[in-house]
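Please look over the structure shown below before reading on.

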Amino acid sequence: MGISQPTRAPEIIREQKEILLSQINEILESYKGEKAELIPILQKVQQKLGYLPEAGLKQIARYLNVPESTVFGVATFYAQFKLVPTGRNTIRVCRGTGCYVRGAPQILETLERELGIKAGETTPDLEYTLETVACFGSCALAPVVVVNDRVYGRMTPDKAKKILARKEEK
Amino acid sequence: MQFEDIKRQAMAQWETTQNSTKPRILIGMGTCGIAAGAGDILETIARELEKAGIKAEIIQVGCIGLCYAEPLVEVIKPGKPSVFYGNLNPELISEIVKDYLVGDNPRPDLALGTRGEGALEGIPKLFDLPVLKPQVRIALRNCGNIDPADINHYIANGGYDGLRHALKMKPQEVIDEVKKSGLRGRGGAGFPTGLKWQFCHDAPGKTKYIICNADEGDPGAFMDRALLEGDTHAVLEGLLIGAYAIGASEGYIYIRAEYPLAIRRLQVALQQMHECGLLGKRIMGSGFNFDIKIKEGAGAFVCGEETAMIASIEGNRGMPRPRPPFPAQSGLWGKPTNINNVETWANVSAILQRGADWYAGYGTEKSKGTKTFSLVGKVERTGLIEVPMGITLREIIYGIGGGIAEGKSFKAVQTGGPSGGCLPASLLDTPVDYESLTAAGAIMGSGGMVVMDESTCMVDVARYFLTFTQAESCGKCVMCRLGTKQMLDILEDITSGRGKEGDIELLLELGQAVKDGSLCALGGTAPNPVLTTIRYFRDEYEAHISERRCPALFCRPLVTYQIDPEKCQGCGICARACPVEAISGHKREVHVIDQSKCTRCGTCLSVCPPRFGAVVATSGEPATVS
């Protein structure tokens with residue numbers, strides 16, 4: 001549950017800070033400012049920006065009138081939240097039991113090798129982020145890989161390579 | 001509009017569709033169906049029908065449970081029993097449209113079975129098939145039959161009759177009815193539902209909360225997703241009945257964000273309930289006021305635990321707290337709170353619709369009713385199943401599941417996810433009920449049932465589950481945070497050939513300490529997969545430790561791949577497929593694996609043509625070919 005290293009130079013993030021803050025403000029305006037709204041707000045911000053920028057977390061803390069440490073604590077507790085930008089495409093490999101016994105480790109290994117990154121990392125060109133997920137609940141089609149929102153079932157290492165190849169063509 | 005009027009309209013609409021002269025096509029569009037390609041099938045059907053100039057009604061339904069045969073389509077022609085077709089692709093469905101909808105040939109060669117009155121030659125009755133015959137559908141009663149996005153479909157099939165019935169009773173009478181049914185919590189622990197409600201009902205305070213736990217986190221389990229996607233209102237009706245019984249006017253559904261389709265279904269359902277006067281003030285003309293909010297989880301397994309879930313809804317880190325006080329006394333915002341899981345709520349609506357006595361007619365003395373399972377892993381027919389309590393594991397795995405896939409032999413079945421245990425072949429005749437499974441060292445759990453065959457290494461399975469619980473431990477209790485880490489380190493040593501004498505004993509001791517030293521069920525049950533695999537498969541642990549051998553040929557550092565020179569035909573397929581170029585040899589000459597380069601990925605074994613069978617995996621013995 002640790003925080004991985006930023007994959008982008010900090011100065012780029014600083015340049016975008018102003019735009020980010022105004023986007024976050026827009027989101028915050030639709031909330032009442034209650035503590036219970038913290039998780040929904042973080043989800044909304046991440047949905048819009050793809051990650052939770054540090055400056056944004058401070059802004060959310062001020063809006064909800066809670067310590068920054070509380071917001072940071074919640075943002076780092078839940079696996080869904082990312083504190084660094086992710087790739088344009090997210091490939092998620094299921095590591096559920098059904099998938100595991102049907103060969104998910106080999107699928108993950110193939111994708112890691114093809115992309116040259118490990119699970120939890122993003123390619124340097126920001127094209128792909130590779131993640132593992134506890135379970136998608138599509139166990140009957142194991143092993144399962146989800147690319148962005150599309151579910152691919154009954155995967156093999158070969159099919160996994162083909163998904164990447166298809167994306168590259170686009 | 002009164003509920004009676006809504007019901008009359010819904011039934012009229014349902015009758016019209018049932019008696020329509022147009023053919024109807026039902027297509028399974030749950031997450032699994034879509035992943036298997038149901039979207040393409042849907043498009044193809046629409047296109048083919050238009051081409052043929054046939055008017056038909058296409059209805060998108062939830063999961064019918066025959067996941068092994070996805071994508072699935074049910075075709076109903078007026079005056080004939082409906083026909084199910086499985087394992088479809090666009091070509092096959094085009095043929096079916098042409099042959100059965102344009103023509104009159106139901107294509108017995110492609111059909112799985114029929115449903116409804118009458119028979120079609122050459123096609124068996126669907127519910128006579130071994131996969132469905134032992135099943136009893138109570139929680140899943142409407143899944144696959146109705147359009148979950150249309151509240152009228154649910155109402156026309158007896159939906160919200162249970163709520164109407166409950167609202168005519170006193171809250172205490174509703175609780176008594178649920179007690180009489182014998183229903184126990186389907187989230188895993190099996191606490192009697194009526195009793196749980198009684199505690200919350202009796203707790204002092206005007207404001208009370210009710211929560212539907214849809215944070216289905218066990219890897220290998222998808223019953224609750226399928227239920228929410230396939231029959232959303234069955235769950236919501238149960239939640240309303242529970243709210244009335246305990247005296248809550250506000251409810252929450254805590255659902256994991258990994259289930260986007262189920263969330264969409266819930267949003268639509270809540271909207272429809274408002275329109276029908278089933279949410280808000282004075283529901284069905286009674287004095288009962290109630291509203292529901294959806295809370296999306298954010299990817300923390302521990303939030304399935306009641307007190308952690310409450311913390312998460314309040315906007316905090318989802319960490320459990322000591323009990324007592326139990327949520328029934330002090331839960332959400334410090335108020336009395338009742339939490340039940342998705343499947344429990346779907347059973348509640350059935351019980352109030354059809355009566356406690358009817359419900360208690362299923363199951364065993366202490367475990368009443370039915371239980372859903374997601375039957376997955378190395379079984380021939382994977383699926384979402386619902387069986388009466390008391391059925392044996394053997395009947396499920398060999399009857400419904402059709403035995404082990406690829407002709408291999410059974411090794412173990414895992415129930416209860418990371419909190420459960422692995423049971424060996426000698427316990428296949430264990431009946432599925434709360435007490436029997438617990439006595440065997442596993443638990444009922446929420447319904448994940450993962451079948452493992454001879455190629456699954458039990459030490460590695462224990463390591464796998466511990467990797468999961470160790471990562472998901474919230475870190476509050478020292479034993480759970482650090483004890484699971486120590487256990488995982490030992491298991492990693494064993495599976496990579498660094499196991500030591502005494503490791504098994506140390507695992508047993510640590511396992512007990514983690515159980516004793518953890519506040520919540522996550523830590524309290526995390527050692528179970530390790531403890532049960534040691535109990536039933538100790539020989540596999542010993543082989544890893546003292547012989548450096550993995551009997552299942554799974555743990556890579558202990559496996560050697562070689563090419564049998566007698567059998568190798570020099571086809572070169574393995575050499576081309578090897579990702580690290582460890583295989584050398586000329587065309588039509590014997591190939592050799594360079595053991596110093598080999599990463600033991602097993603690709604060569606899987607690509608070597610079966611008619612040669614030249615690649616051999618061994619463990620625990622020195623390489624015979626260099």
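What follows is a briefing on a predicted model, covering overall dimensions, domains, a sheet and a helix.

In outline, chain B contains 23 helices and 18 strands, and its assignment divides the chain into domain 1 through domain 5.

**Overall form of chain B**

- The radius of gyration of chain B is 27 Å, close to the 25 Å that the globule rule gives for 626 residues, so the chain is as compact as a globular protein of that length.
- Along its principal axes, the C-alpha trace of chain B spans about 85 × 65 × 40 Å.
- Of the 626 residues in chain B, 55% are buried.
- When contacts in chain B between residues at least 6 apart in sequence are considered, 73% of them join residues that are at least 24 apart.

**Domains of chain B**

- The domain assignment places domain 1 at 14-126, domain 2 at 160-360, domain 3 at 370-453, domain 4 at 458-546 and domain 5 at 559-619.
- Taken over C-alpha atoms, the centres of domain 2 and domain 5 of chain B are separated by 56 Å.

**A parallel sheet in chain B**

- Four strands of chain B, in the order E8-E7-E6-E9, form an open sheet in which the pairing is parallel.
- Strand E8 (291-296) and strand E9 (337-341) of chain B are the edge strands, each of them pairing on one side only.
- From one strand to the next, the twist averages 20°.
- Strand E7 (residues 250-255) of chain B runs parallel to E8(B) and is joined to it by six bridges, and Ile255(B) stands opposite Glu296(B), the latter lying in E8(B).
- Helix H13 (residues 342-354) of chain B packs on this sheet, where it touches strand E6 (209-214) and E9 of chain B, and the direction of the helix makes about 95° with that of E9(B).

Key. Residues numbered from 1 in each chain as written. Chains lettered and ligands numbered in written order. Predicted model: local features only at pLDDT ≥ 70, side-chain atom pairs only at ≥ 80, totals over all residues. Domains from an automatic or database assignment. Helix = DSSP H or I, 4+ residues; strand = E, 2+ residues; numbered from the N terminus. Rg over C-alpha atoms; globule rule 2.2 N^0.38 Å. Buried ≥ 20, exposed ≤ 12 C-beta atoms within 10 Å, placed from the backbone. Contact = placed C-beta atoms within 7 Å. Pairing = 2+ DSSP bridges. Axes fitted to C-alpha atoms, helices over the stretch in contact; angles between N-to-C directions.
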